[in-house]
Amino acid sequence: MTIDDPAYLIHRQWMSRAIELAQNAGEAGEVPVGAVIVDVDGNLIAEGENRKERDKDPTAHAEIIAIRTAGQARQNWHLNQCTLYVTLEPCPMCAGAIVLARLRLLVYGADDAKTGAIRTVANIPDSACSNHHLPVLGGILESVCRQQLQSWFAQRRSKSTN
């Protein structure tokens, strides 16, 4: 996929929206991760941002919130006509939910060297225990997504040392 490919431009557009949601999460004291779910026709179905601290819920990751919202909007937990955009490579919990929701495509920004369960630390979608193997496209607006996370963590560290 090249930069001038229309699909790449669409992926950048939706990832930009996920980055905005991540920014909202970061400003609310959450790790800045945002997610967007779009149907095959390019319609926005659901959005999510990290809410673990606000909701006091360890499962309130951006991806989980977006998947729950999309299921409600479509009145169906099968999201096989939908694409999930997320700013950070999903963790094992989110990767499992993505597989179970049978999403059509996963697009993410930055790899997660600590808990990435799509291709960095583990590969849940392609594992033998997965009942759904979906295509994955990583690295969309990767530098922006990575910088957003690094800046947020650097800010948190500097506040804790003051």
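This is a predicted model: local features need pLDDT of at least 70, side-chain atom pairs count only at pLDDT 80 or more; totals for chains, interfaces and linings use all residues.
A residue is called buried when its relative accessible area is under 20% and exposed when that area is over 50%, with partly exposed residues in between. By this criterion Glu-30 is buried, because its relative accessible area is 2%.

The UniProt record, an unreviewed entry, lists residues 9–121 as "domain: CMP/dCMP-type deaminase". Over residues 9–121 the chain is 41% helix and 22% strand. When neighbours within four places in sequence are left aside, Glu-63 is in contact with Val-33, Ala-35, Leu-84, Val-86, Leu-88, Pro-90, Cys-91 and Cys-94.

Beyond its neighbours within four places in sequence, Ile-98 is in contact with Ile-67, Leu-84, Pro-90, Leu-103, Leu-106 and Leu-134. Leu-84 and Pro-90 are also listed among the contacts of Glu-63. In the case of Leu-134, 36 residues separate it from Ile-98 in sequence, while the distance in space is 9.0 Å from C-alpha to C-alpha.

Charged side chains were considered next. In general, side chains of opposite charge can pair when their charged atoms come close. The structure holds seven salt bridges. One of them joins Arg-54 to Glu-30, with 3.2 Å between the closest N and O atoms. This pair links distant parts of the chain: Arg-54 belongs to helix H2 (residues 52–55), whereas Glu-30 is in the loop between helix H1 (6–27) and strand S1 (34–39), 24 residues apart. The two partners fall into separate accessibility classes, because Glu-30 is buried at 2% and Arg-54 is partly exposed at 30%.

Another salt bridge is formed by the side chains of Asp-55 and Arg-51, at 3.0 Å from N to O. Asp-55 has a relative accessible area of 37% and is partly exposed. Arg-51 is likewise partly exposed, with a value of 27%. A further salt bridge connects Arg-119 with Asp-111, where the closest N and O atoms are 3.6 Å apart. Arg-119 counts as partly exposed at 48% relative accessibility, and Asp-111 is partly exposed at 25%.

The packing of helices was then described for one pair. Two packed helices are described by the angle between their axes and the distance between the axes. The axes of H1 and helix H5 (residues 142–161) come within 11 Å and cross at roughly 5°. H1 is therefore roughly parallel to H5, as angles under 35 degrees count as roughly parallel. On the side of H1, the residues that meet H5 are Met-15, Ile-19, Ala-22, Gln-23 and Gly-26. Their counterparts in H5 are Val-144, Cys-145, Gln-148 and Trp-152. By class, this contact of H1 with H5 comprises six nonpolar residues, three polar residues and no charged residues.

Finally, two residues other than glycine were found with a positive phi. Lys-56 has a phi of about 55° although it is not a glycine. Arg-102 lies in the loop between H4 and strand S4 (105–110). With a relative accessible area of 23%, Arg-102 is partly exposed.

Conventions:
Residues are numbered from 1 along each chain as its sequence is written. Side-chain values use heavy atoms; hydrogens and water are left out. UniProt positions are given in the numbering used here, feature names are shortened, and annotations may be inferred rather than shown by experiment. Helices (H or I, at least four residues) and strands (E, at least two) are DSSP runs, numbered from the N terminus. A salt bridge is a side-chain nitrogen of Lys or Arg within 4 Å of a carboxyl oxygen of Asp or Glu. Buried means under 20% relative accessible area, exposed over 50%, partly exposed in between (1.4 Å probe, protein chains only). Axes are lines fitted to C-alpha atoms, for helices over the stretch in contact, and angles run from 0 to 180 degrees between N-to-C directions. Angles under 35 degrees count as roughly parallel, over 145 as roughly antiparallel, 65 to 115 as roughly perpendicular and the rest as oblique. Contact means heavy atoms within 4.5 Å. Ala, Val, Leu, Ile, Met, Phe, Trp, Tyr, Cys and Pro count as nonpolar, Asp, Glu, Lys and Arg as charged, and the others, Gly among them, as polar.
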